[in-house]
Amino acid sequence: MAKLAAHPSGLHTAKERERALRWLAGLAEADRARILASAAQAITAASIRLSGVDADNIPYISLLLEIRRFGFDAIRRRGYRAAGPEQFADFQRVRESRANNLVRERPSPLREKVLLRWAMVKELHGQGLGFRLIARYFSQQLRIPVSPSYLRNMWQAFGQDGADGRDMP
């Protein structure tokens, strides 16, 4: 097995560095901006610490160091350093930012399709059909594969049982 040269960032293989950059791209915009800003501030300190490294690589290395400091390599615990209590708060921040990305940036296409036909769901349910039959109708007639539990959850979220007067969001 070939020995690996020690990389100044601590991410020794190209695959690890690629995974770190993909992880950075998956964060929320505010977190990415904070990491990039702190990496830019750390360039001068890194140039002093990394005197033996080519000057063109210092911004890249400082970016990788900031990605590690933010908590990249401690998240999945797959051969990486174990997280300390300080980084656990970082995990919570990362999870919240990823959840916010899912809510804001990627609306569910299934939800859009079902909401376009929500009047049909109300009509069929009003006629006494259950969510299982409505889901079968959606998949066979409209070619929209939806589960009965998804329809039931949407029905409860919109308060269609008469609990509150909301019609649709």
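Predicted model: local features only at pLDDT ≥ 70, side-chain atom pairs only at ≥ 80, totals over all residues.
1. Helix 5 covers residues 109-116, and its axis lies 12 Å from the axis of helix 8, at an angle of about 65 degrees. The two helices are therefore roughly perpendicular to each other, since angles from 65 to 115 degrees fall in that class. On the helix 5 side you'll find Leu110, Arg111, Val114 and Leu115, and they meet Tyr150, Leu151 and Met154 of helix 8.

2. Stepping back to the whole chain: there are eight helices and zero strands, so the pattern along the sequence reads α-α-α-α-α-α-α-α. Of the 169 residues, 31% are buried. If you look at contacts with a separation of 6 or more, 56% of them join residues 24 or more positions apart.

3. Now helix 8 again, with another partner. Helix 7 (residues 131-141) and helix 8 (residues 148-157) have axes that come within 8 Å and cross at roughly 115 degrees. That puts helix 7 roughly perpendicular to helix 8. This crossing is right-handed.

4. Who touches whom here? From helix 7 it's Phe131, Arg132, Ile134 and Ala135, and from helix 8 it's Pro148, Leu151, Arg152 and Trp155. Sorted by class, the contact of helix 7 with helix 8 has six nonpolar, two charged and no polar residues. Note that Leu151 turns up in this contact and in the one with helix 5.

5. Helix 7 has a further neighbour in helix 6. The axes of helix 6 and helix 7 come within 10 Å and cross at roughly 135 degrees, which makes helix 6 oblique to helix 7. This crossing is right-handed. Met120, Val121, Leu124 and His125 of helix 6 make the contact with Phe131, Ile134, Tyr137 and Phe138 of helix 7. That contact of helix 6 with helix 7 has seven nonpolar residues, one polar and no charged ones. Phe131 and Ile134 are worth a click, as they sit in this contact and also in the one with helix 8.

6. In soluble globular proteins, nonpolar side chains tend to be buried together. The largest nonpolar core here has 14 residues, and those with the most contacts inside it are Val114, Trp118, Val121, Ile134, Phe138, Val146 and Leu151. Helix 6 (118-126), helix 7 and helix 8 each supply at least two residues of this core. Helix 7 gives the largest share, with four residues. A second, separate core has 13 residues, among them Ala20, Ile67, Phe70 and Phe72.

7. Finally, a residue from another part of the chain: serine 62, in helix 3 (residues 58-70). Is serine 62 buried or exposed? It is buried, because its relative accessible area is 1% and the cut-off for buried is under 20%. The C-alpha atoms of serine 62 and alanine 40 are 7.7 Å apart, although 22 residues separate the two along the chain.

Key
Residues numbered from 1 in each chain as written. Heavy atoms only, no water. Axes fitted to C-alpha atoms, helices over the stretch in contact; angles between N-to-C directions. Parallel < 35°, antiparallel > 145°, perpendicular 65-115°, else oblique. Left-handed = near helix turned anticlockwise from the far one by under 90°. Contact = heavy atoms within 4.5 Å. Nonpolar A, V, L, I, M, F, W, Y, C, P; charged D, E, K, R; others polar. Core = buried A, V, L, I, M, F, W, Y, C linked by side-chain atoms within 4.5 Å. Buried < 20%, exposed > 50% of the residue type's maximum accessible area, 1.4 Å probe, protein only.
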